[in-house]
Each structure stands twice: as C-alpha cells, then as structure tokens.
Amino acid sequence: MTYDLVVIGSGPGGYVCAIRAAQLGLKTAVVEKRPTFGGTCLNIGCIPSKALLHASQMFAEAGKLAPFGVLVEKPRLDLAAMMKHKDDTVAANVNGVAFLFKKNKVASFIGSGRLIVSREGALAVEVQAADGARQTLETKNVALATGSTIAPLRDASGAEIKIDEERVLSSTGALSIPEVPQSLVIVGAGVIGLEMGSVWRRLGAQVTVIEYLERILPGFDAEIAQRFQKILEKQGFVFRLKTKVTNVARQEKGVAVSYAALDGSGEGGITADAVLIATGRIPYSEGLGLEEAGVALERGRVKIDEGFATNVAGVYAIGDLVRGPMLAHKAEEEGVALAEILAGQHGHVDYGVIPSVVYTHPEVASVGMTEEEAHAAGRAVKIGKFPFSANGRARAMRETDGFVKIIADAATDRVLGVHMLGAITGELIAEAAVLMGFGGSSEDLARICHAHPTLSEAVKEAALAVDGRAIHI
Ligand code: FAD
C-alpha cells in the first residue's frame with residue numbers, strides 16, 4: 001500500500017496537517033516516537049504550562065479576595081493535586097488527538113520515523129518501534145514535523161551545562177517539580193522563563209531571572225516589556241539584566257549559579273534550590289535521515305520554499321523545524337496550508353498576522369510590528385494607547401494594570417501592529433489579528449460597536465486614540 005502523505009511528528013504542525021490531509025481525501029499516516037500524540041505542545045509545552053499557570057493563579061487570587069468582600073481562610077497548597085490537574089489536562093488533550101486520528105481515518109504508528117529516498121527518488125518512511133521492530137511505509141509525499149528541543153547553554157569554558165531535571169531543569173523538569181523550591185534561578189527572560197517563573201513564584205518560590213540582554217521579553221514591544229517588568233518586580237521577581245551565566249554547579253543541596261555582568265562591573269554568584277535553563281529552543285531532526293536523503297538546511301532549520309517544499313521532491317517541512325516563530329498556532333497554520341497545497345488547493349499562511357501571547361498575570365499579547373520594528377523599517381506611524389485603569393470593567397475586576405497600544409500606518413491608517421498588557425489580553429488579541437488579517441485600519445476598529453462593559457472596549461478606545469479621539473481618557 002502506498003500513502004499519499006506520511007507525516008513524521010504528531011505535534012500541532014504534524015497532527016493538524018494529517019487531519020486536514022485526510023479531510024481532503026489523501027491517504028494519510030502519522031509516525032510519532034513518543035508514546036502519546038500531540039508533540040511538545042500537548043505533552044510538555046503549551047498545555048501543561050497553561051494548566052499550571054491557571055491553577056497557580058487561582059491559588060494566588062484565593063489569597064486576595066477580601067477587597068471583593070469575599071473572606072476565605074488563607075489558602076493552602078496541595079501541589080500533588082495541582083500536578084494531577086496538569087496531568088489530567090494533558091491526558092485529555094493527547095487522547096483527543098488519538099480520537100481525531102481515528103475519526104478522520106489517519107493511520108498512526110508509534111515509533112521513530114526515518115526518511116528514505118531511493119536512487120530513483122521514490123519516498124518511504126521507516127518506522128522503528130521501541131522494541132526495535134521495523135516497518136516501511138511507502139508514500140508519495142512526506143511532511144517533516146519533528147519540532148524542536150531545548151537549546152543547550154554553555155558555561156564560560158564552552159562546556160554544555162548538563163540538565164539533570166532535578167536541580168538543573170529544562171522547561172520539562174520545571175513542569176514537574178515535586179516540592180515548591182524556596183529559591184529558583186531562571187536563565188532567560190523569554191516567554192517560557194517568565195511563565196514558569198510565574199507558576200513557582202505564585203506558589204512561594206523566590207525567583208531570580210538572569211538575562212543576557214538589557215530587557216525582558218526580546219521580540220515584544222519594548223514599552224510593553226518595560227511596564228511588564230515593573231509589574232513582575234512588584235510580584236516579587238528579581239531581574240539581573242545584561243548578565244551572562246558563566247557556570248552552574250550542582251551542590252550537595254541545591255545549585256550554585258555564577259554570572260558576570262556584561263558591562264564589566266563584576267562577577268557574582270547565587271545559590272538556589274534549582275535553576276531553570278530557559279534560553280530558547282532549537283530545531284530537532286536527530287535520526288530523521290536528513291543528511292542521507294540530501295535535505296538542505298539553513299541556519300540549522302530545514303530549508304523550504306513558500307509552499308513548504310524542501311529541495312528533495314515530495315518532501316516538505318513545517319512547524320518549529322522550519323523558519324519563523326516557534327509557536328504552536330504557526331505550526332498548525334502551516335500544517336493546514338501544506339495539506340491544502342498537496343490536495344491541489346491554495347494553502348497560505350499570513351506570517352504578518354501571527355499572534356504571540358505570554359500567559360502570565362497580567363498577560364502580554366502581541367500581533368504584527370512592534371514600534372521598534374516599524375521605526376527600523378522606516379515606516380511613518382501613528383500610535384494610539386489606552387490604559388485598562390480607565391476601563392469600567394477592568395475597575396470592576398480590579399484588573400487595571402496594563403494598556404493597549406495600536407500602531408497604524410501614518411498615511412493609510414492600516415493597522416501594522418497591536419500590543420497589549422493586561423488581564424486576558426491573550427483572548428483580546430484575536431480581535432486585532434482578525435482586523436489585520438482583513439487589512440483593516442484603526443478607523444475600521446474604532447467604528448465597530450463593542451459591548452459595554454468589557455475589556456475589549458479598551459481595544460476600541462486605543463483605536464480611537466490613534467487619531468486623538470479616545471472618549472474615556
Ligand atoms: P512539536 O510539538 O515539537 O512536535 C514534534 C513531534 O515530533 C514530537 O512529538 C516528537 O516526539 C516527534 N518526533 C521527533 N522526531 C521524530 C521522529 N524521528 N520520528 C517520529 N516522531 C518524531 N507555543 C505556543 O504557541 N503557545 C504556548 O503557550 C506555548 N507554550 C510552550 C511552553 C513550553 C514549556 C514549551 C517547551 C513550548 C511552548 N510552546 C508554545 C511552543 C510549542 O510547543 C511549539 O511551537 C510547537 O509544539 C511546535 O509544534 P511542531 O508540530 O512543530 O513540533
């Protein structure tokens with residue numbers, strides 16, 4: 001039997017691609033080497049981190065209900081139950097993917113997949129199960145969707161700092177710490193570091209974040225990041241910016257982290273119960289057979305054209321393995337677009353409109369150009385801002401931290417970017433993405449009626465503020 005498409009990897013890119021391909025009538029199989037489907041995102045990424053972020057936020061809020069007239073005893077933590085909530089959430093999601101494969105008649109194989117290209121150019125995927133058993137799936141097309149893994153951090157001597165998931169943690173270990181650490185050092189002030197830092201800070205850990213750059217959240221709008229840093233500091237985060245970690249040494253109890261200030265002002269050290277290395281992720285293609293198959297890479301990622309095709313006929317790649325932001329929804333969009341292209345349709349991803357969310361409290365959400373990017377691109381822009389402190393619903397919720405910022409083209413008024421800091425802005429950003437997807441202007445947004453009282457009125461008011469006509473400020 002020959003498949004139309006074999007997808008290697010069942011993360012958001014791979015599983016969505018397989019389901020869409022099957023919907024479009026392609027005979028499709030998925031190969032996954034983990035025991036469960038869903039990839040990094042569902043097993044050790046987006047889903048378990050959000051389960052812990054939500055639960056830990058409820059714990060934090062339970063202690064602050066008195067201003068609402070709700071008097072409760074000091075909340076106590078049952079960490080094992082919180083971890084069970086996380087594990088149950090993961091199980092429900094990964095089982096959901098297995099169900100969807102069955103429903104859509106996607107054949108699934110658990111085992112490590114390797115791309116094989118014959119001398120004549122015929123394609124196959126060899127699947128090796130955990131017990132060593134092998135089988136070969138012949139196919140017309142292959143989608144590589146093997147995702148990414150943790151980027152290693154090197155000490156001052158260039159040696160890789162070893163992750164033991166006990167005291168020296170990756171994000172995976174940070175999702176399953178058995179006891180709340182008294183102190184946690186986080187290397188890297190990016191999304192994963194700040195999300196996992198928020199979880200453990202809320203549960204009682206002293207959190208120190210060491211960051212190489214002079215700011216937190218690189219890639220996000222600088223003004224938003226600056227305000228966000230102040231809010232996190234109020235929550236008890238300590239930041240050491242412009243600082244390079246030079247060594248991480250396990251000690252009898254805990255771990256010692258050495259660092260050097262980048263401005264030459266000196267070196268220092270900090271001991272903690274654990275350290276989380278959150279310095280980024282790199283594409284993962286170990287054992288995939290890319291070299292033997294002659295698949296070309298660029299800067300470590302599989303090189304693809306606009307239609308996700310690699311240089312080898314019939315072999316495509318999507319998700320974290322290829323260029324672009326390492327985000328689950330970007331991988332999903334690529335999965336759908338690739339399936340549609342293979343079915344003869346016109347699949348397409350609008351890379352200018354990929355939202356990015358930090359699921360802390362408050363949340364940070366962004367889509368499109370930052371103010372810095374707009375200036376660097378030489379665009380003349382108009383900017384409208386509106387604070388949640390002037391929004392009635394936000395006041396009723398005591399969620400007045402943060403603001404909405406809209407960046408529009410000075411000449412055409414087309415919205416180029418929207419950046420938000422505030423409660424549930426991860427949901428509010430979808431409105432901005434839809435507007436930008438349709439090429440909308442700030443005037444379009446400003447003239448749309450928003451329900452009152454909602455936080456979304458702050459988005460409308462920011463659009464009004466682009467031309468200096470916000471009502472409530
Ligand atoms: P992956 O999800 O990495 O899936 C690849 C799959 O391929 C894996 O299951 C792997 O086992 C399998 N595989 C690898 N090699 C082989 C092989 N040879 N044979 C068979 N199978 C193989 N993104 C967001 O958008 N929102 C978030 O909130 C978010 N939170 C995150 C939190 C954490 C802690 C982490 C680590 C990541 C988070 N991400 C988030 C990023 C997100 O997880 C990735 O962008 C997304 O999973 C990429 O999808 P993918 O399909 O490309 O690859």
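E165 counts as partly exposed, because 13 C-beta neighbours lie inside 10 Å; a residue is buried if 20 or more other C-beta atoms, placed from the backbone, lie within 10 Å of its own, exposed if 12 or fewer, and partly exposed in between. Although E165 is not a glycine, its phi is positive, at about 60 degrees. The residue is found in the loop between β7 (148–150) and β8 (168–169); helices (H or I, at least four residues) and strands (E, at least two) are DSSP runs, numbered from the N terminus. This is a predicted model, in which local features need pLDDT of at least 70 and side-chain atom pairs count only at pLDDT 80 or more, while totals for chains, interfaces and linings use all residues. Residues are numbered from 1 along each chain as its sequence is written.

R398 also has a positive phi, near 55 degrees, and is a residue other than glycine. R398 is exposed, with 12 other C-beta atoms within 10 Å, and its place is in the loop between α11 (392–396) and β23 (403–409).

Cis peptide bonds are the next topic. One joins H361 and P362, with omega about 0 degrees, and P362 lies in the loop between β20 (356–358) and β21 (363–368). Another joins H452 and P453, with omega about -5 degrees; P453 is placed in the loop between α13 (442–446) and α14 (457–465).

Two packed helices are described by the angle between their axes and the distance between the axes. Helix α3 (residues 46–62) and helix α4 (residues 79–103) pack at an angle of about 140 degrees, with axes 9 Å apart. Axes here are lines fitted to C-alpha atoms, for helices over the stretch in contact, and angles run from 0 to 180 degrees between N-to-C directions. On the α3 side, I47, P48, A51, L52 and A55 meet M82, H85, K86, T89, V90 and N93 of α4, contact requiring C-beta atoms, placed from the backbone, within 7 Å. The residues of this contact divide into 7 nonpolar, 3 polar and 1 charged; Ala, Val, Leu, Ile, Met, Phe, Trp, Tyr, Cys and Pro count as nonpolar, Asp, Glu, Lys and Arg as charged, and the others, Gly among them, as polar.

Helix α3 also takes part in the shell around the ligand: α1 (12–23), β2 (28–32), α2 (39–44), α3, β4 (112–117) and α9 (328–342) each supply at least two of its residues. Of the 37 residues around the ligand, G9, G11, G39, G147 and G319 come nearest, where a residue is near if its C-beta atom, placed from the backbone, lies within 6 Å. The shell divides into 15 nonpolar, 18 polar and 4 charged residues.

Note on methods: Contact = placed C-beta atoms within 7 Å.
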